[in-house]
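Work through the exercises below with the sequence and the model open. Each task is followed by a solution in steps.

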Amino acid sequence: MGHFTKRLGTMAEIVLTECEFVNLDLKRRIKVGRAMWDTGSTATILSRRLVADLQPESFQQGGIIGIGGETKGSTYLVHIFLPTGDAVTCHEVYEADMEWDAIIGMDVISLGNFHLDCDHGETLF
């Protein structure tokens, strides 16, 4: 995987980056600016509004267990372009109501070398 560095300032509580999601069937590409990287999430999740804009075809039914309990819904296959320029193709993602555009979970994070450094009052991702 490629290399990407983002300076987040003083002791950042969350890591947000841009990511691009692609529905190749409709030739639709959407770049979002609020993809949250979450090592506590096992799966990558798209917001309902991003799914509505991207219009991917439903792949299968799945469930998400989170702080708010269990939610059932559709899963989708999309291509994900990371800030490194790398692509994760035909990747199964979930859909949920949330404030972020997307959550990048460990299913994607574990494909590369994730490093978060908090040193001298600054957070580097």
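A residue counts as buried when its relative accessible area is under 20%, and as exposed when that area is over 50%. The model used here is predicted.

**Exercise 1.** Decide whether cysteine 19 and cysteine 90 are buried or exposed, and find how many disulfides the structure holds.

Solution. 
- Step 1. Cysteine 19 has a relative accessibility of 2%, so cysteine 19 is buried.
- Step 2. Cysteine 90 has a relative accessible area of 53%, so cysteine 90 is exposed.
- Step 3. A disulfide is a covalent bond between the sulfur atoms of two cysteines. The cut-off applied to a pair of sulfur atoms is 2.5 Å.
- Step 4. For cysteine 90, the closest cysteine sulfur is that of cysteine 19, 17 Å away, which is too far for a bond.
- Step 5. The count of disulfides is 0, and cysteine 19 is in none.

**Exercise 2.** Describe the setting of serine 47: which strand holds it, is it buried or exposed, and which residues does it touch?

Solution. 
- Step 1. Strand β4, residues 45-47, contains serine 47.
- Step 2. The relative accessible area of serine 47 is 1%, so this residue is buried.
- Step 3. Leaving aside residues up to four places away in sequence, serine 47 is in contact with Ala96, Met98, Trp100 and Asp101.

**Exercise 3.** Give the order of elements in the protein chain and check its radius of gyration against that of a compact globule.

Solution. 
- Step 1. The chain has 2 helices and 10 strands, in the order β-β-β-β-α-β-β-β-β-α-β-β from the N terminus.
- Step 2. For 125 residues a compact globule would have a radius of gyration near 14 Å; the chain has 15 Å, so the two agree.
- Step 3. The C-alpha trace spans about 45 × 35 × 20 Å along its principal axes.
- Step 4. Of the 125 residues, 38% are buried.

Key:
Residues are numbered from 1 along each chain as its sequence is written. This is a predicted model: local features need pLDDT of at least 70, side-chain atom pairs count only at pLDDT 80 or more; totals for chains, interfaces and linings use all residues. Side-chain values use heavy atoms; hydrogens and water are left out. Helices (H or I, at least four residues) and strands (E, at least two) are DSSP runs, numbered from the N terminus. Buried means under 20% relative accessible area, exposed over 50%, partly exposed in between (1.4 Å probe, protein chains only). Contact means heavy atoms within 4.5 Å. The radius of gyration is taken over C-alpha atoms; the globule rule is 2.2 Å times the number of residues to the power 0.38.
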